[in-house]
Amino acid sequence: LSLHDALPISPEYVRLVRTPQETRAALAEAVNEVPQDPSRTRITVRAGGHCYEDFVCGEDVRVILDVSPMCGVFYDSALQAYCVEAGATNWHVYSHLYPVSGKTLPGGSCYSVGLGGHIPAGGFGLLSRQHGLTVDYLYAVEVAVVDADRKVKLVVARRDDQDARLADLLWAHAGGGGGNFGVVTRFWFRGLPEPPRQVLLTALAWDWKDFTKEEFAALLTAYGEYFQAHQDASTAAGKLFGLLKLNHVSNGQIGLLAQVDVDDPDGRQAMADFLEAVDGRIGPAATKMRSVMGEHFVHMDVPRVMPWLTATQALNSSGENRCGKYKSAYLRKPFTERQIDAMWAYLGNEEYTDYVNKQALIQVDSYGSAINRPLHDTAVRQRDSILKLQYQVYWTKQDPDEDAHLAWIRDTYRATFADTGGVPVADGDVTDGCYIGYPDVDLNDERWNGSGQSWETLYYKDAYAKLQDIKRHWDPLNVFRHAQSIRPAAAE
């Protein structure tokens, strides 16, 4: 396959699967084969499409099962739920589900992310403050699982299943992360929300050259205080979603994207109030975005009202394939002074002044509102945060400065959370751990994590013990494993 040749590793083979039955058969074949190379034993699944670590394309991977051909979207009258196959991407779901149903998933803005990775992590997006997380609507999941005798079967697990083990399997896929229990083939959703008919989308930027340290602090403080004060999803301000792009100074700009429901009669005023609260607190003059900022580039002269699906497409940036590293943090309160000082310094103002990478940034997403009032119990335990941070750095393959890019993101993250051992501790005064959707194996390493909290705690908090029990039952041979996979609980 050409896909095999394009990969950064050399597994024995890559198998594209088109149906759940093909998935079951391919998995059964893979788990019962003798490896050609004893050092390559892992079977992984390409579902999310973004391999941030080596969870899919590791050196020890023997077989990759690619579910991307499974991308159907339809209403299942038997389960009375909308079914989405695991290979469908965010944009495929939005563009195929909404026109025929008027419903949507409150998922991410990155068009190319596959649901097989997005959903199990607890996916969120620009509608999440209004409607919650994607997993809040997850009703059932179909998974190809391997038993202790290496036999493979397809099981459907429902949220209200009378079999507690099946109900647990569904719960584990509602925030327990991907690549842990089996190969997901289909998801079913009930009670999906209707997106706004129209939204108001704003994109602006400020030039870094106009910022002092005091102006930078004022911007971050205003942004955090706004979302701390607006956590009621029944109000227009509680629905408003913002993404603040704190780019490295070599980018030239700091960016801001914001979207609000203007079917709500207070939506326009909410956007005006938000911009006044944030832009109105600082001296630098707002202007247009002039470059790609992380995964987004929206070049608009003025805020525009547009249909929700059109706005969603406008946020769907595309570009060359690239390498990247992510880190994450949940914030329960606005930034502390020490955190702001660290970000100012490491974005190129006092540290890394010779580092040049326009695609190095800290993205600050608004959070909370409906997310903090879940419809059902899920494995997502961070349910009282107001902000979510994404540390991002990108580079192209063969870049001789790869080590410098990794050093920047590691040092910046560690400096931001220096007061808590270099990571955003779970159940902290200000922070509440990390997001498994942005896996970061540095959390396993005491050189970068001096908090005393394990990566398991940072991602899963009190849910981890239950996830381990579910893992032991459904994947007793630990077929599905990677550097941060759920470790099976010891047999009683």
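1. Two strands count as paired if DSSP finds at least two bridges between them, and strands themselves are DSSP runs of E, at least two residues in length, numbered from the N terminus. The model is a predicted one, in which local features need pLDDT of at least 70 and side-chain atom pairs count only at pLDDT 80 or more, while totals for chains, interfaces and linings use all residues. Residues are numbered from 1 along each chain as its sequence is written, and side-chain values use heavy atoms, with hydrogens and water left out.

2. Strand β2 is joined by five bridges to β3 (residues 61–66), and the two run parallel. Within this pairing, Val45 has Leu65 of β3 as its bridge partner, and Thr44 stands opposite Ile64 in β3. Four of the five residues of β2 are buried, that strand being mostly covered, where buried means under 20% relative accessible area with a 1.4 Å probe and protein chains only.

3. The open sheet is formed by three strands in the order β1-β3-β2, with parallel pairing. Its edge strands, each pairing on one side only, are β1 (13–16) and β2 (42–46).

4. Turning to the second largest pocket, its lining includes Ala30, Glu33, Thr41, Ile43, Arg62 and Arg481. A pocket here is an open set of points on a 1 Å grid over the protein atoms alone, where a 1.4 Å probe fits, with protein on both sides within 12 Å along at least five of seven lines, and lining residues have an atom within 4 Å of a point.

Definitions and conventions. Buried < 20%, exposed > 50% of the residue type's maximum accessible area, 1.4 Å probe, protein only.
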